[in-house]
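Let's take a walk through this model together, starting with a residue and its partner and then working our way around. Have the structure open as you read.

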Amino acid sequence: MNIAYPLRIYYDNSCPLCRTEMHSLKQYDSKQRLELVDCSPVDFHDEFSDKAGYRRAEMMRLIHARDADGQWLIGVSVFEAAYGATGITGMEKMWANKLLRPFWDRIYPVIADNRMFPSKLGITKLFGWMVKRAAKKAVAKSQACANDVCEL
């Protein structure tokens, strides 16, 4: 996926699951490739989304992102690009997997429509832990490569 950075991600900060994932990604964004934009306020307006015709309701239903060249991504593509931007390649490959992608594309809207429910079950903490674990593995792999003991 060719992305021009920074990638501006429009997410629902009022959702604990969304907030945990996006803030975890930002925590590992050492190259400052991600810009997070909370589209949850009822009076939300953004020049880029307004110009492209994306309204708050659409952005609250499915995650949206815009790269520096003006390319828009919606849904699973946003996750693939965001994880790639932070170097968490294991998660990036999971979202991009050609065999799993049809499944992700079908299940993500269902999860997005019901995203508050997993938060009530406490899945948010588990998910945050998974992102942090994947990020730490990516950092360790990157450091190993820097020390010429990389496994490609």
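Is Arg61 buried, partly exposed or exposed? With a relative accessible area of 39%, Arg61 is partly exposed; keep in mind that we're looking at a predicted model. Arg61 pairs up with Asp113 in a salt bridge, where the closest N and O atoms sit 2.9 Å apart. That pair ties together distant parts of the chain, since Arg61 belongs to helix 3 (residues 56–61) and Asp113 to helix 6, 52 residues apart. Asp113 is partly exposed too, at 46%.

There are eight salt bridges in the whole structure. One of them joins the side chains of Asp12 and Arg115, at 2.8 Å from N to O. Here the two loops involved are 103 residues apart: Asp12 lies between strand 1 (7–11) and helix 1 (16–27), Arg115 between helix 6 (101–113) and helix 7 (116–120). Both Asp12 and Arg115 are buried. Asp29 and Lys26 make another bridge, at 2.9 Å; Asp29 is buried at 2% relative accessibility, while Lys26 is partly exposed at 28%. Arg8, Glu35 and Asp46, meanwhile, are linked in a salt-bridge network.

Now for helix 4 (residues 76–86): 11 of its 11 residues are buried, so the rest of the structure largely encloses it. Take Ser77 in that helix: its relative accessible area is 17%, which is under the 20% cut-off for buried. Leaving aside residues up to four places away in sequence, Ser77 touches Met1 and Arg101. After helix 4 comes Gly87, with a positive phi near 85 degrees.

Last stop, the surface: Phe117, Leu121 and Ile123 make a nonpolar patch of about 310 Å². Ile123 is in helix 8 (residues 123–146) and is partly exposed at 35%.

Notes:
Residues numbered from 1 in each chain as written. Predicted model: local features only at pLDDT ≥ 70, side-chain atom pairs only at ≥ 80, totals over all residues. Heavy atoms only, no water. Patch = residues over 30% accessible without salt bridge, like charges linked within 9 Å, V, L, I, M, F, W, Y side chains within 5 Å. Areas by Shrake-Rupley, 256 points an atom, 1.4 Å probe, with all protein chains shown as cover. Salt bridge = Lys/Arg side-chain N within 4 Å of Asp/Glu carboxyl O. Helix = DSSP H or I, 4+ residues; strand = E, 2+ residues; numbered from the N terminus. Buried < 20%, exposed > 50% of the residue type's maximum accessible area, 1.4 Å probe, protein only. Contact = heavy atoms within 4.5 Å.
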